[in-house]
Amino acid sequence: MNLQQLSCIDLDQPTLEGFRQFISSWLYRGDGFTLLVDPGPLSTIPRLTAELRRRGVTRLDYVLLTHIHIDHAGGTGALLREYPDATVVCHPDGIRHLVAPAKLWEGSRKVLGPLADAYGEIVPVPAERIGFAETVGATGVRTFLTPGHAQHHCSYLLDDLLFGGEVAGVRCPLADGIFMRPATPPRFILQVALDSLDRMIALAPRAMVFAHYGLVETALDHLRLARRQLTLWVKGVAATAAADPAGREAALVAWLLEHDAQYRNVSRLPADIQARERYFLGNTLRGMIEYVDTLSAAERQALAAE
């Protein structure tokens with residue numbers, strides 16, 4: 001794998017606090033093909049297409065979607081107007097939602113509120129332009145179904161480079177150390193997410209792209225850390241389950257700051273990125289809380305004691 005053929009296109013949104021080095025699209029120019037991973041929301045398609053033109057990209061062969069959430073895939077249909085030869089690869093369960101996105105858009109607005117409007121409406125993808133493939137043409141890319149963050153999540157392996165989407169959660173770059181948190185919006189099932197991580201660990205990739213955010217050349221270390229962190233956070237949810245409902249999230253955050261050295265680094269992030277992380281933390285915690293609350297009292301006690 002020649003990482004010199006890979007480049008990140010930041011899809012920053014200056015009007016939203018902390019939305020820098022967060023949403024990104026990844027361009028790979030291989031031998032005889034060009035592909036793009038996660039074109040982002042509609043609001044950033046002008047930025048993306050301008051950057052592609054600046055880099056001399058006149059043709060895209062494939063657009064790979066790690067999942068269909070609006071911040072990753074909402075602008076796909078608009079991108080295809082600029083690159084009419086591109087084929088979109090997507091999880092089988094996500095295809096119908098992008099071909100007819102009214103329900104997906106409605107759900108996005110319900111969950112994200114004004115943020116969905118800032119991202120922009122989801123543009124339909126023509127049915128003949130989108131499909132699923134275990135092997136993407138002659139690129140050598142292999143597709144893996146990796147539910148956990150979302151039931152329609154995929155990861156893509158190109159040689160020893162893994163486009164992991166949010167299979168390993170969210171990462172923010174620091175000068176030293178690591179900030180990471182799981183990305184587990186409802187509906188979250190712990191064993192499903194762990195199975196996806198275990199299968200990616202078994203692939204032993206050398207490098208990995210986090211959709212949020214960045215390229216790491218120690219993929220296995222990050223995948224294993226994500227696995228440990230996921231189980232630790234679920235333990236924390238179980239350990240704080242008896243807290244007063246009004247203060248449950250606050251009690252859980254305090255527990256995490258005490259027990260999770262990687263999450264504790266949130267205090268070292270720039271102030272605007274801390275604000276962004278506080279916004280998204282609620283979704284992660286709600287997904288885990290809903291999962292733990294479906295367990296029996298005995299199961300919760302066992303988790304808390306692990």
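Predicted model: local features only at pLDDT ≥ 70, side-chain atom pairs only at ≥ 80, totals over all residues.
Q: Which residue in β8 stands opposite V136?
A: Two strands are said to pair if DSSP finds at least two bridges between them, and β7 is joined to β8 (residues 141–145) by 2 bridges, the two running antiparallel. Opposite V136, the residue in β8 is V141.

Q: Which residue in β9 is the bridge partner of F144?
A: Strand β8 also pairs with strand β9 (residues 154–158), in the antiparallel sense and over 4 bridges. Within β9, the bridge partner of F144 is S155.

Q: Which are the edge strands of the open sheet?
A: The sheet consists of 6 strands in the order β7-β8-β9-β10-β13-β14, with mixed pairing. An edge strand here pairs on one side only, and this applies to β7 (135–136) and β14 (214–216).

Q: In which sense do β10 and β13 pair, parallel or antiparallel?
A: Strands of a sheet pair through backbone hydrogen bonds, either parallel or antiparallel. Strand β10 covers residues 161–163 and strand β13 residues 207–210, with 3 bridges between them, and L161 has A207 in β13 as its bridge partner. The sense of the pairing between β10 and β13 is parallel.

Q: Why is the chain described as being as compact as a globular protein of its length?
A: The secondary structure comes to 12 helices and 14 strands, where helices are DSSP runs of H or I with at least four residues. The globule rule, 2.2 Å times the number of residues to the power 0.38, is set against a radius of gyration taken over C-alpha atoms. The chain is as compact as a globular protein of 306 residues because the rule gives 19 Å, and the radius of gyration of the chain is close to that, at 19 Å.

Q: What percentage of the residues of the chain count as buried?
A: Buried means under 20% relative accessible area, with a 1.4 Å probe and protein chains only. Of the 306 residues of the chain, the buried share is 56%.

Technical notes. Residues numbered from 1 in each chain as written. Heavy atoms only, no water. Buried < 20%, exposed > 50% of the residue type's maximum accessible area, 1.4 Å probe, protein only.
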